[in-house]
Amino acid sequence: MGTIEKFATTRIAPRQRLRYWNDLVDRIYTGTWVNTQGEEFRGEMWRWDIGDLAMIRPRSTQSTVGRRGAAAGGEERVILHLQCRGSSRHTQNGDECVLQPGDFVLSSPHQPYTIDLREHELLVVEFPRAPLAERIPKLDDMLRRHMTGGTPGGRVFHDFLLSLWQLGDQSELDPEWESGVTTVFYDLFALAMRGAQHAPRGAHAGDHALSERMVSLVEASLGDPALGSAMLATSCNTSIRTIQNVFAAMGTTPTAYILERRLRRAADRLIVAPDTSITDIAFDLGFNDSAYFTRCFRRHFGAAPRDWRAAR
């Protein structure tokens, strides 16, 4: 297993950044290119291979990403794009889907595709098709389809991927860790896909759609200190009471859910952005008081943010 590698345009001359980024992404995922117009490009990316999972976490300014289609090389592979921040439009074989935070799409890396991205953060994983096809018999029917991350399975899968980056390589402590992680990845991804495929219809479809919209709004607005029941009610054109009832059906409250998502995102940022101060992370995630953030973090994770970062 390789270590986590970080790449960034910070020390690259502005005129050379796009060329540098194109060389980088083509080296990681053969045939990939990036283009941007009218804006200085900035990006950072983490790369990590776990077993047969080739993973990256890119963040960049608005851009268009494409892939010319990689040769199969004797093993058919698929590629997952999971939206963490911002939005994106994916196009392949004439099919289009738009992803909001938490949503995902599964595509073939062997056929050309394009992705139009606003300022964003993604989780991208390329891996062999066969283990997933064993768990999802009609896998071809789900390629290039928008899949919501608002289902319980989708949220668990998203949290699992983020937790991997928080933990880092554990193979020295457990020789079977790598194979266990890949097995859990396939199982949870299959669960997330089945949940997205069998989203409620009929009498409960409206409640489910509202729940999905609220989850997406929360993920997209964690940095806004005003995020709460009133803001969600206004954005969803409904009452505060309805917002509270939908979260109650999820077994939580709006305040508790927002705090939990902010703390989990903060725990992730502490690891993948080691040069960012704890205060900046707190403010970036909607906390107005860094001392309050530290108290909440310690209560949730059992360690202060500084100790959490140092231990990892």
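Trainee: Happy to start! How many helices and strands does the chain have?

Mentor: Welcome! Begin with a tally of the elements. In this predicted model, the chain has eleven helices and eleven strands. Next comes overall size: the radius of gyration is 20 Å, close to the 20 Å from the globule rule for 312 residues, so the chain is as compact as a globular protein of that length. Along its principal axes, the C-alpha trace spans about 55 × 50 × 50 Å.

Trainee: What share of the residues count as buried?

Mentor: Burial is read from relative accessible area, with under 20% as the cut-off. Here 49% of the 312 residues fall in that class.

Trainee: Now the largest pocket. How much space lies in it, and which residues are closest to its centre?

Mentor: Look at volume, then at lining. The largest pocket holds about 420 Å³ of space. Its lining has 19 residues, and those closest to the centre are Glu44, Arg59, Arg85, Arg269 and Asp284. Helix H5 (205-220) and helix H8 (254-272) are the elements that give two or more residues to this lining.

Trainee: And what is the make-up of that lining by class?

Mentor: There are ten charged residues, five nonpolar and four polar.

Trainee: Which side chain does Glu121 join through a polar contact?

Mentor: That of Arg59, at 3.0 Å. Arg59 is also one of the residues closest to the centre of the largest pocket. Setting aside neighbours within four places in sequence, Glu121 is in contact with Arg57, Pro58, Arg59, Leu82, Gln83, Cys84 and Arg85.

Trainee: One more, please: which residues does Leu263 touch?

Mentor: Leu263 belongs to helix H8, and is buried with a relative accessible area of 1%. Not counting residues up to four places away in sequence, Leu263 touches Phe287, Phe293, Cys296, Phe297, His300 and Phe301. For a C-alpha distance, take Leu263 and Ala282: they are 19 residues apart in sequence and 9.0 Å apart in space.

Conventions. Residues numbered from 1 in each chain as written. Predicted model: local features only at pLDDT ≥ 70, side-chain atom pairs only at ≥ 80, totals over all residues. Heavy atoms only, no water. 1 Å grid on protein atoms, 1.4 Å probe; cavity = no way out; pocket = protein on both sides within 12 Å on 5 of 7 lines; lining within 4 Å. Points joined across faces, edges and corners; volume = space filled by probe spheres on them. Helix = DSSP H or I, 4+ residues; strand = E, 2+ residues; numbered from the N terminus. Nonpolar A, V, L, I, M, F, W, Y, C, P; charged D, E, K, R; others polar. Buried < 20%, exposed > 50% of the residue type's maximum accessible area, 1.4 Å probe, protein only. Contact = heavy atoms within 4.5 Å. Polar contact = N/O pair within 3.5 Å; in protein donor to acceptor, adjacent residues only side chain to side chain. Rg over C-alpha atoms; globule rule 2.2 N^0.38 Å.
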